[in-house]
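Thanks for asking me to look this one over. Here are my notes, in the order in which I would go through them with you at the screen.

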Amino acid sequence: MQLVLSEDQELLAKTAADFVADHSPVSRVRALRDSADPEGFSRSLWKQMAELGWLGIPIPENYGGAGMGLSELAVVLEALGRTLAPEPFLSSVLLGGQALLLGGSEAAKRAWLPRLTAGDANLTLAYQEARSRYDLRRVATRAESGGSGWSLTGEKIQVLDGATADCLLVSARSVGDERDAHGISVFAVPRGAAGLTIEPQQRVDGRAAARVRLAGVSVGEGDVVGTLGEGGDLLERVVDRACVGLCAEMLGSMSEAFDRTLTYLRQREQFGAPIGSFQALKHRAAHQFIEIELCRSVTMAAARAVDAELDETPRLVSLAKARCSDTAMLVANESVQMHGGIGMTDEHDIGFYLKRARAAEVTFGDAAYHRDRWARLNGY
Amino acid sequence: MADLESFRAEAHAWLDANAPRAVRGIQVTAESGGNWGGRRAVFDPPEMKIWLEVAAARGWTAPTWPRDYGGGGLEPAAARVLSQEMAKLRLPPPLTGFGLTMIGPTLLRFGNEEQKREHLPRICRGEIRWCQGYSEPDAGSDLASLATRAVRDGDHFVVNGTKVWTSYADLSDWIFALVRSDPDAVKQEGITFLLIDMDDPGVSVSPIGLISGKSPFCETRFEDVRVPVANVIGEIHGGWTVAKALLGHERTMIADVFGSFGGGNKKSNGSSALGELARDYVGGDPALADPVLRDEIARCELDERAFLLTVQRARDAAKAGHQPGPESSLFKIYATELNKRRTDLAVRIAGPGGLGWEGPGFDEDELTRTRQWLRARGNSIEGGTSEIQLNIIAKRVLGLPD
């Protein structure tokens, strides 16, 4: 494992940074929020990103992708994270795309992945429930066997980009009770299926999420993604991959929030001096710098672990998410505090970083959850 | 590469033929003094003396130094190969100490020809053991406020004052010291870097006990010690420049020590030292009975792994030909603060077993852990306090104003 960007990765980082500078200021996120945009992202930018080849980065070439890995995707997501770009990488490329890639039938992969990489169809994963918190295997949604397929009944919450997804991959159990680790399967449910209700949910970070209700939704035997009853393991692998992408996005967001705060510390004068000359603030800034540097190391390591399929991958993913979650919140809270009163106003952009940091922290498990997972994986 | 591989074969053969069998696998510590050399060198086992002599004759006590001064004249890549081959044969370094790591590199950079010829070969042969005289009772973090006086008297300086934290001064032969040669100049500008023979009349040394017990630290006093002006390194009154360069060596050394702590890039094998320790004391399988303690252990391990990955990232960037990035500025502070937390946690895991000081009723590990916890308090003080490190990051990396 080499924790350094290759020349190609450096080039990709430069392209992504230029793209973000030209097309994706934070004001875009504000405008989407203020207009209560029903989709929550820009279709035209999403198409441009597809043309740049970004949507297919972690998808093999035979499905229209670039056949690269998370190490490359992380470079793009870090750049997008800098200005909180809301395009559906996490839901479609990572959760949906990787679930199909790891568990989907050849027919399903051929049906969806080329359209996904072209930006013509989006996927998502409906895995969270009201009482599941971070436990991927706590699933109450039922899959009843009937006729030539399955009937799904239950409710999923905060399905990322649920209202715009063309296909939802839904976790449901065919055996056992809500807390059983086994008996879970993942089913592909197309948008518009009978019995499927999708209602947008408004979250603090403004990202598109939806409550999804399934009232006896019928799917066929061929719509099972992965091995029947072993969906828990599939979910864990998929979410690990998505987690790495999220960490990269968080790394970008925390770096940008920190840079903006440093600029403010240099400019803002009180008591006749720039507030950045005060040691009380200098030391806290230096502390944040250290934590962000560690986040970069662990995120790079986790991405490379996934790409190399190391046995240690789950541990390194939990390491990355635990550290990025804590640091994202530290930096976001300190950014608001160091901006003082202006940092509390909606007019200033720094608040968007705090809100997104909170949402990202909670997504796929917070730091305490991942420390617990690390301890379990290390046998204590 | 072909050259390197033939050098590897040659080095291996030479080491195998010339290094005494008895030194293989010997663990040398600073306390045992086994390879620190000097006028009062202790060779344990006695074959360490032969090992030192044959290595010095070949120039391999200081492999990268020029041959003219007793070094091996090797390129860094060849020196790495040599150290790999020594490791394969389980050979301890033939010589170590501040002569090789601190004053030697400083002399190579700032010393005049005469000084290099006088001191470097004696360092390479392990004849002289060196110590460092920087801090004073009233000059700690604010080192430039040091007050040890050096008054010019013909071709000598007369030195008066006290240095503290002079590690191993009681075992050393020479000291490199910062002295105030111009009391009227602004702080940094009146300082001279001076080499002093500790056998000279007027030098006295007393050990310093720490909260953790015995220590290598000493207090070194100078009373009317006459030092030749020829022993000035760099310019008279220009010692601060020399000192700063040397402090750079010291911080790299400290970070290296902690960077290798915990097995470097070694992959975790699924068990955890602190986790195992906790199971001994707390019990509870598979999950520890105490969830708070368990979380603290996980936090400590995550931070250690994150730090080691950052050290690896810096190394990988250097190997790829990049300039050192800002990440290297965090090594000293992070490694030391982490070691403080880790040693603190180890003692707390043991509960009452963490109170052992000496004698029966506590096992050896418990006694060691108590001392390590106390000794580690100093990690974030020595070699530049954590607060000074944060100042440096704020200023040099983040560009925050004074």
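Which handedness does the crossing of H5(A) and H7(A) have?

1. The crossing of H5(A) and H7(A) is right-handed, where right-handed means that the near helix is turned clockwise from the far one, and left-handed that it is turned anticlockwise by less than a right angle. The two axes come within 9 Å and cross at roughly 145°; axes here are lines fitted to C-alpha atoms, for helices over the stretch in contact, with angles running from 0 to 180 degrees between N-to-C directions. On the H5(A) side the contact includes Phe89(A), Leu94(A), Ala99(A) and Gly103(A), and on the H7(A) side it includes Leu234(A), Arg237(A), Ala242(A) and Gly245(A). Two residues are in contact if their C-beta atoms, placed from the backbone, lie within 7 Å.

2. A word on conventions before going further. This is a predicted model, in which local features need pLDDT of at least 70 and side-chain atom pairs count only at pLDDT 80 or more, while totals for chains, interfaces and linings use all residues. Residues are numbered from 1 along each chain as its sequence is written, and chains are lettered from A and ligands numbered from 1 in the order in which they are written.

3. Now chain A as a whole. Its secondary structure comes to 11 helices and 10 strands; these are DSSP runs numbered from the N terminus, with helices (H or I) of at least four residues and strands (E) of at least two. For 380 residues, a compact globule would have a radius of gyration near 21 Å, and chain A agrees because its own value is 21 Å. That radius is taken over C-alpha atoms, and the globule rule is 2.2 Å times the number of residues to the power 0.38. The C-alpha trace of chain A spans about 80 × 50 × 40 Å along its principal axes. Of the contacts in chain A with a separation of 6 or more, 74% join residues 24 or more positions apart.

4. Burial comes next. Buried residues are 53% of the 380 in chain A; a residue is buried if 20 or more other C-beta atoms lie within 10 Å of its own, exposed if 12 or fewer, and partly exposed in between, with C-beta atoms placed from the backbone.

5. Leu12(A), Ala16(A) and Val20(A) are buried in H1(A). Seen down the axis, the buried residues of H1(A) fall within an arc of 70°, so they line one face; the arc is that of the directions from the helix axis to the C-beta atoms. They pack against H4(A), residues 70-82. The face of H1(A) turned away from the buried side carries exposed residues, among them Glu7(A), Lys14(A) and Asp18(A).

6. Two loop residues in chain A deserve a look at their backbone. Leu84(A) has phi near 60°, a positive value in a residue other than glycine, and lies between H4(A) and H5(A). Leu84(A) counts as buried because it has 27 C-beta neighbours inside 10 Å. Glu309(A), also not a glycine, has a positive phi of about 50° and lies in the loop between H8(A) and H9(A). With 7 C-beta neighbours inside 10 Å, Glu309(A) counts as exposed.

7. On the interface, 34 residues of chain A are in contact with 39 residues of chain B. H7, H8, H9 and H11 of chain A each supply at least two residues of the side that touches chain B, and H8(A) gives the most, with 13 residues.

8. Finally, some places to check in chain B. The peptide bond from Asp44(B) to Pro45(B) is cis, with omega near 0°, and Pro45(B) lies in the loop between H1(B) and H2(B). Thr166(B), in the loop between strands E3(B) and E4(B), counts as buried, with 24 C-beta neighbours inside 10 Å. The C-alpha atoms of Thr166(B) and Thr220(B) are separated by 6.8 Å, although the residues are 54 apart along the chain.
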